[in-house]
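Let's take a friendly walk through a protein structure together. Please have a look at the sequence and the model below before reading on.

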Amino acid sequence: MSTTAFLLFRRGTSLWAVPGEQVGGLEAQGDTVCVRLATTGLWADEVVGLARGLEVRPVGALLRRFWRVRCRGVAVHDGVPLVVVDAENPPRALTE
Amino acid sequence: MKGTAERAPGGVPCLLVQAGDDLCAVPIAAVRRVVKALQAYPLPGAGPELLGLAEYGGEPLAVLDLARLVNASSGPKPLYPVTVVVTAGPANSRETVGLAADGAVEIVSIAPASVVPSAGGIVRGEATVGGKVVRLIDLEALGAST
């Protein structure tokens, strides 16, 4: 179990997480929030909160076959599945 | 779901699953559970076969559209009231995955000799069961890279 604190946010219908130590700040921009990272920003519809102890699982070959976006893994928080963002290679769906 | 199996000597027990217009036979050894449809959260950039990620037993679970996997017609707004939770992929790296489907119909036994092989993909072949054509699903092939 990870002791890292993760910032959880929602974009569209999906829940995402990014390690808290990689978050430089949050900036409200209209109806959205920009999660500032070292080299880029991630667009969020809603910041859900912080979570510790996520059981982050690597993406298996089967999921990878149908979803080729890079990430650090997948997990569940409060019964909702989420994707842990690779801050070095965030998905375009979060940066555009 | 009927509880009796249609017998075929030396046959492989399979769960018949309705997927759109097609009946699919999923080897029962790979079926972990049939549950009410799990809520799948779509992933941006996913292939059309992947409905999304769901939560199952506290773990993230990929949910696939069985009708799309077998190229069956599923209508414009399929509801998929059940999720068949199965293990899939090569024997040395099995994974758990959900197959969204229209229903679990019955358990049958399919004799390997009765299967007419198909060209490949996740449909191993077709067989006739109770006068209906069913498509035998190859869950090992599902995990193979494309």
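Which residue stands opposite V35(A) in strand 5 of chain A?

## How to read the model

This is a predicted model, in which local features need pLDDT of at least 70, side-chain atom pairs count only at pLDDT 80 or more, and totals for chains, interfaces and linings use all residues. Residues are numbered from 1 along each chain as its sequence is written, while chains are lettered from A and ligands numbered from 1 in the order in which they are written.

## Chain A as a whole

Chain A has 2 helices and 8 strands. Helices (H or I, at least four residues) and strands (E, at least two) are DSSP runs, numbered from the N terminus.

The C-alpha atoms of chain A fill a box of roughly 35 × 25 × 25 Å along the principal axes. For 96 residues, a compact globule would have a radius of gyration near 12 Å, and the 13 Å of chain A agrees with that. The radius is taken over C-alpha atoms, and the globule rule is 2.2 Å times the number of residues to the power 0.38.

Of the 96 residues of chain A, 33% count as buried. A residue is buried if 20 or more other C-beta atoms lie within 10 Å of its own, exposed if 12 or fewer, and partly exposed in between, with C-beta atoms placed from the backbone.

## The three-stranded sheet

In chain A, 3 strands form an open antiparallel sheet in the order 3-4-5. Strand 3 (25–29) and strand 5 (41–44) of chain A stand at the edges with a single partner strand each, so one side of each has no neighbour in the sheet. Two strands pair if DSSP finds at least two bridges between them.

Strand 4 (residues 32–36) of chain A pairs with strand 5 of chain A in the antiparallel sense over 4 bridges. Here is the answer to the opening question: V35(A) stands opposite L42(A) in strand 5 of chain A.

## The five-stranded sheet

Another open sheet of chain A holds 5 strands in the order 6-1-2-8-7, with mixed pairing. Its edge strands are strand 6 (46–52) and strand 7 (73–77) of chain A, each pairing on one side only.

Strand 8 (residues 80–84) of chain A runs antiparallel to strand 7 of chain A, and 5 bridges join them. Within strand 8 of chain A, V80(A) stands opposite H77(A), and P81(A) stands opposite V76(A). The hairpin of these strands has 2 residues between them, and D78(A) there takes a positive phi near 50°. Strand 8 of chain A also runs parallel to strand 2 of chain A, joined by 3 bridges; L82(A) is the bridge partner of L15(A). Strand 8 of chain A is mostly covered, with 4 of its 5 residues buried.

## Where chain A meets chain B

How many residues does each chain bring to the contact? Chain A brings 22 residues and chain B brings 25 residues. Residues are in contact if their C-beta atoms, placed from the backbone, lie within 7 Å.

On the side of chain A that touches chain B, strand 2 (14–19), helix 1 (61–66), strand 7 and strand 8 of chain A each supply at least two residues. Helix 1 of chain A gives the most, with 5 residues.

Note on methods. Contact = placed C-beta atoms within 7 Å.
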